[in-house]
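This briefing sets out the fold of one chain, the relation between the two copies, and the surface they share. Please look over the sequence and the structure before reading on.

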2 protein chains.
Amino acid sequence: MPISEFDLIRQYFADATASRHDVLLGIGDDCALLQPPAGAALAVSMDTLVEGRHFLPGSDPESLGHKALAVNLSDLAAMGADPAWATLALTLPGADTAWLGAFMRGFAALAAEYGVQLVGGDTTRGPLSITVQVHGFVDPDSALKRGGGKAGDLLFLSGSIGDAGLALLRAQGAAPSDAEDGHLRERLDRPIPRVTLGRLLAGRASAAIDVSDGLIADLEHVCTASVTGARVNLSSLPLSPAVATECARGNWQPALSGGDDYELLFSISPERVESLLSICLEAGQQIKEIGCLVADSGIVLVYPDGRPSEEIPHGFDHFRT
Amino acid sequence: MPISEFDLIRQYFADATASRHDVLLGIGDDCALLQPPAGAALAVSMDTLVEGRHFLPGSDPESLGHKALAVNLSDLAAMGADPAWATLALTLPGADTAWLGAFMRGFAALAAEYGVQLVGGDTTRGPLSITVQVHGFVDPDSALKRGGGKAGDLLFLSGSIGDAGLALLRAQGAAPSDAEDGHLRERLDRPIPRVTLGRLLAGRASAAIDVSDGLIADLEHVCTASVTGARVNLSSLPLSPAVATECARGNWQPALSGGDDYELLFSISPERVESLLSICLEAGQQIKEIGCLVADSGIVLVYPDGRPSEEIPHGFDHFRT
């Protein structure tokens, strides 16, 4: 049997990322053999990106390589886990080595940043689709679950919210362009997984989630799992100038329902806040208080412009497009 | 946000398979949290099945559910690992609950047989494609690698070989049908992962692989990794009556290159053979000696009909279609 193009691709993967001591056997056998640390729980998450659904045909492959790993690392961050290993199932229309080289550059650069080794996967021919599974470690008692929030806990967001959603609106021609386009597009195409912040939150925050579906939708997931409602002060949302301008125009959709920002949304008991704020300040991690969890179900939005506050009933998001 | 069809699908997955004590947190959070046993290595393998490439459009979904898990469990078997957890990335053209119900019946029935719990994954919309990752445990010193074979080790095969390949030829109209069609088709659509045999081989066999690409191609993988050649007595191959008839007609392709049988091919040092044979007899595991590893590279086939033996140079398989 001659070595196929896809065999060559597999060889390409073998050296793409760093070597870890806890990888006993990497790419090239029937299984990878991995050595999890004693006492830690293994955290795993799997996400698929499908062409035409999660990214446009013709998207930059290097950004795709970054994003396919980033959205998974973001799930580890939301559990407070340390990233370790990744597997990659790549379905490609053909053996396009230029595309693959660029894809793996994006993937490997982010993997190197977090010490992640690619240990296995599968390469098949078919419509373009990328499935990544990440594996990390976390003390099971410190892991950040969605359901640990309590009424009275304060709500925080990392970074800023709405940039990716606004980038998408602009790409679709549904919002006017300006000098901020490049920054917003970078936020959509190359999200930064908040792994460092997640590690700091482990054992401190009461609940956490990464904002992939949109702030309200993901806050709902936390409220449902925690059996609480929430109150959000919209004047406190961390916004880039472009998104702030959009909100001032009355368009809250990117900030509240845009999704794809991969910021961390978390709750924390009030007596732990001061200590967390100083830890985050020291570590250069930007977080902002945006509201609190409440006993009554539903999400109450308090507008900054004096408009009466609005209650979003459970399971309904009228900002969603 | 109304509950989407795909949210319902996720809920469906949550109870599909058995509950394991080592699953600290299953489907429904940012990650699953798993507790690997102390001292064991974690064995992981990931395989994708794409419609039109690995199965025909309109294939029976229950068989697909079985096969998607089976081909992955087969990789664990080939390492000698105990199956534990699975993740599933399912890309579907639409939310067809009848299709999904049947798919999960096939998946869950096989999962139950081996005590496997589905712990996470992703459901997306797009061209039909199924990626499964399995996770198992194995003593790292007993794991069956491809590269452990030595010249002089005997070669064995489990079950019988060529059935799936012949089923495919018949489905394509390239071989005549007969009363064996149903049996052969079952072998193609519902392969049995040789997990029980793999466990028995761990610490005993010197090298192992599951036959997915075809006997010669997979034997080549073992020879390459073990830096040996091999000699195969074709009169010793374990064949069903239908495949034996095909070979007697001179068509060795299904037996030698058919693939998709998911039998185990393994090597073992001669002094360990007697003990293994009695263990397998007691456990009801059928294995058959088919040849041996040799020092010279290349694979030598010894024909049963008095034809001169044939040497297949490294990297070449003229039976492959």
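Among contacts in chain A between residues at least 6 apart in sequence, what percentage join residues at least 24 apart? The model discussed here is predicted, and in chain A 86% of those contacts join residues at least 24 apart.

**Overall fold of chain A**

- The secondary structure of chain A comprises 10 helices and 13 strands.
- Because a compact globule of 321 residues would have a radius of gyration near 20 Å, the value of 21 Å for chain A agrees with that expectation.
- Along the principal axes of chain A, the C-alpha trace extends over about 70 × 50 × 35 Å, and 53% of the 321 residues of the chain count as buried.

- In helix H5 of chain A, which covers residues 181-189, the buried residues are A:Leu184, A:Arg187, A:Leu188 and A:Asp189.

**Relation between the two copies**

- Chain A is superposed on chain B by a rotation of 180° with 0.0 Å of shift along its axis, and the RMSD is 0.0 Å.
- Such a rotation is the relation of a two-fold axis.
- The same surface serves both copies, in that 100% of the contact residues of chain A recur in chain B.
- Among the residues of chain A, A:Ala38 comes closest to the rotation axis, with its C-alpha at 3.0 Å.

**The surface between chains A and B**

- In the interface, 54 residues of chain A are in contact with 54 residues of chain B.
- Strand S3 of chain A (residues 41-50) gives the most to the side of chain A that touches chain B, contributing nine residues.
- By residue class, the side of chain A that touches chain B divides into 28 nonpolar, 13 polar and 13 charged residues.

**Strand pairing across the interface**

- Strand S3 of chain A, which gives the most residues to the side of chain A that touches chain B, is also joined by three bridges to strand S2 of chain B (residues 32-34), and the two strands run antiparallel.
- Within this pairing, which residue of S2(B) is the bridge partner of A:Leu42? The partner of A:Leu42 in that strand is B:Leu34.

Note on methods
Residues numbered from 1 in each chain as written. Chains lettered and ligands numbered in written order. Predicted model: local features only at pLDDT ≥ 70, side-chain atom pairs only at ≥ 80, totals over all residues. Buried ≥ 20, exposed ≤ 12 C-beta atoms within 10 Å, placed from the backbone. Helix = DSSP H or I, 4+ residues; strand = E, 2+ residues; numbered from the N terminus. Rg over C-alpha atoms; globule rule 2.2 N^0.38 Å. Contact = placed C-beta atoms within 7 Å. Least-squares fit on C-alpha atoms with pLDDT ≥ 70 in both. Nonpolar A, V, L, I, M, F, W, Y, C, P; charged D, E, K, R; others polar. Pairing = 2+ DSSP bridges.
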